[in-house]
Amino acid sequence: MSNYSSDLLRLLETRGFIHQLTDAEGLDALAARQVVPGYIGFDPTAPSLHVGHLVSIMMLRQLQKAGHKPIVLMGGGTGKIGDPSFKDEARKLLTVDLIQENVASIKRVFERFLTFGDGPTDAIMVDNADWLDKLEYIPFLRDIGQHFSVNRMLSFDSVKLRLDREQSLSFLEFNYMILQAYDFLELSRRATCRLQMGGSDQWGNIVNGVELARRVDGTQVFGLTTPLLTNADGTKMGKTVGGAVWLNEDQLSHYDYWQFWRNTADADVASRLRLFTDLSMDEVNRLAALEGAEINEAKKILANEATALCRGADAAAAAAETARRTFEEGASDADLPTVSLGVDGLNVVQATTGLGFATSNKEVRRKLSEGAIRVNDAVVSDPALALKPGDKLSFGAKKHGIVIA
């Protein structure tokens, strides 16, 4: 552990948020001396953010808890391009109207995690379309473009990955890193922002912004990234066969959201409690030390705490009760996850993967042979078994779903 003097860096390090810092000593001194406004950007590429964004959201929450000012930057401008970082191909370009609809939909979730207002440590939300849409091309090239080396831009891993695979990287996408750096410069001027945070894949973009603020305005600003969060098996957190784990309730039911956390692997419980709950570290360490069947109690607490933060305490309580009734009393409930029969029908293998209970057809067939899959509480073994609306599919003792028309 480092000997940080600021509450901010001590808190972030203790809970596992720090991967890289541009100037740890300088940021530590600044945070110990004054309120530090810090931002993270979110591009509105869908109507909801997903759990992959949750580390960033929780980091803004921790920033505010430590007495500093969170800035939520909505990418109404950069969303018209899409971040090419570590993508195999260009994002589909969104219309202006769709971007605005997505921004309005995404905004709601932040009000659950942050306190907004006009006070010195109250969160604010801004949109980079406010300045990016007004840029004039030639003045921007002259004033900002001169500070970027194409040679260096080509050396970034996010760019090299596409080029090494001989996949097209458009000039439009290539400009994204310049615009993100310009965001930091604008926020430094408009909101005295001194810190940009983000995932480890954003390191190059963040460093660009730090250097641009120094070169253009002579302002010292800082960058901080979080570790890439993976599951114990090495897979990316939040990626499931059933699709993204959305934060908005109109994209994913409260029960499905609660169940995602309840199904956390034993080896991941400690890190998830540190990053995604407000529990004290003493309580986190106590729960993480549980073994055997007792670890399931820690998972329920994780599910309750994480769901209460994102969806509210009532939603967490309702989801926990649905789970209790389903698992302990065998009751069916409308809040259970569902899979649609579709026009071509659905067999037990397709339903199991469609619900996200298994990662492959091969895994489903193995579980069928082990007697671990039930339909309407009866053990089934035929992978071609056709299902009908209202059938309840159970995968092991903990995962249950309903087939709908």
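The following conversation goes through a predicted model of a protein.

Q: What is the mean pLDDT of the protein?
A: The model is predicted, and its mean pLDDT is 88. Of its residues, 92% reach 70 or more.

Q: Where is confidence lowest, and where is it highest?
A: Helix α8, residues 157-164, has the lowest confidence, with a mean of 73. The highest value belongs to helix α2, residues 24-33, at 98.

Q: Why does a low value matter to a reader?
A: Where pLDDT is low, the predicted coordinates should not be read in detail.

Q: Turning to the strands, in what order do they stand in the sheet?
A: The order is β1-β6-β5-β2-β3-β4. These 6 strands form an open sheet, and their pairing is mixed.

Q: Which strands stand at the edges?
A: Those are β1 (20-21) and β4 (124-127). Each has a single partner strand, so one side of each is left without a neighbour in the sheet.

Q: And β2 with β3, is that pairing parallel or antiparallel?
A: Strand β3, residues 69-74, pairs with β2 in the parallel sense, over 6 bridges. Within β3, Pro70 stands opposite Gly38.

Q: What holds paired strands together in general?
A: Strands of a sheet pair through backbone hydrogen bonds, either parallel or antiparallel.

Q: A change of topic: where is Val51 found?
A: Val51 lies in the loop that runs between β2 (37-42) and α3 (54-65).

Q: Is Val51 buried or exposed?
A: Val51 counts as buried because its relative accessibility is 1%, and the cut-off for buried is under 20%.

Q: What separation is there between the C-alpha atoms of Val51 and Ala288?
A: They are separated by 21 Å, and the two residues are 237 apart along the chain.

Q: Now the surface: which residues make the nonpolar patch?
A: Tyr137, Ile138, Leu141 and Phe171 make a nonpolar surface patch of about 460 Å².

Q: Which helix gives the most to that patch?
A: Helix α6, residues 137-143, gives the most, with 3 residues. Leu141 has its place in helix α6, and Leu141 counts as partly exposed because its relative accessibility is 38%.

Q: Where is Thr192 found, and how accessible is Thr192?
A: Thr192 sits in the loop between α10 (176-191) and β5 (195-199). With 45% relative accessibility, Thr192 counts as partly exposed.

Methods:
Residues numbered from 1 in each chain as written. Predicted model: local features only at pLDDT ≥ 70, side-chain atom pairs only at ≥ 80, totals over all residues. Heavy atoms only, no water. pLDDT = per-residue confidence, 0-100. Helix = DSSP H or I, 4+ residues; strand = E, 2+ residues; numbered from the N terminus. Buried < 20%, exposed > 50% of the residue type's maximum accessible area, 1.4 Å probe, protein only. Patch = residues over 30% accessible without salt bridge, like charges linked within 9 Å, V, L, I, M, F, W, Y side chains within 5 Å. Areas by Shrake-Rupley, 256 points an atom, 1.4 Å probe, with all protein chains shown as cover. Salt bridge = Lys/Arg side-chain N within 4 Å of Asp/Glu carboxyl O. Pairing = 2+ DSSP bridges.
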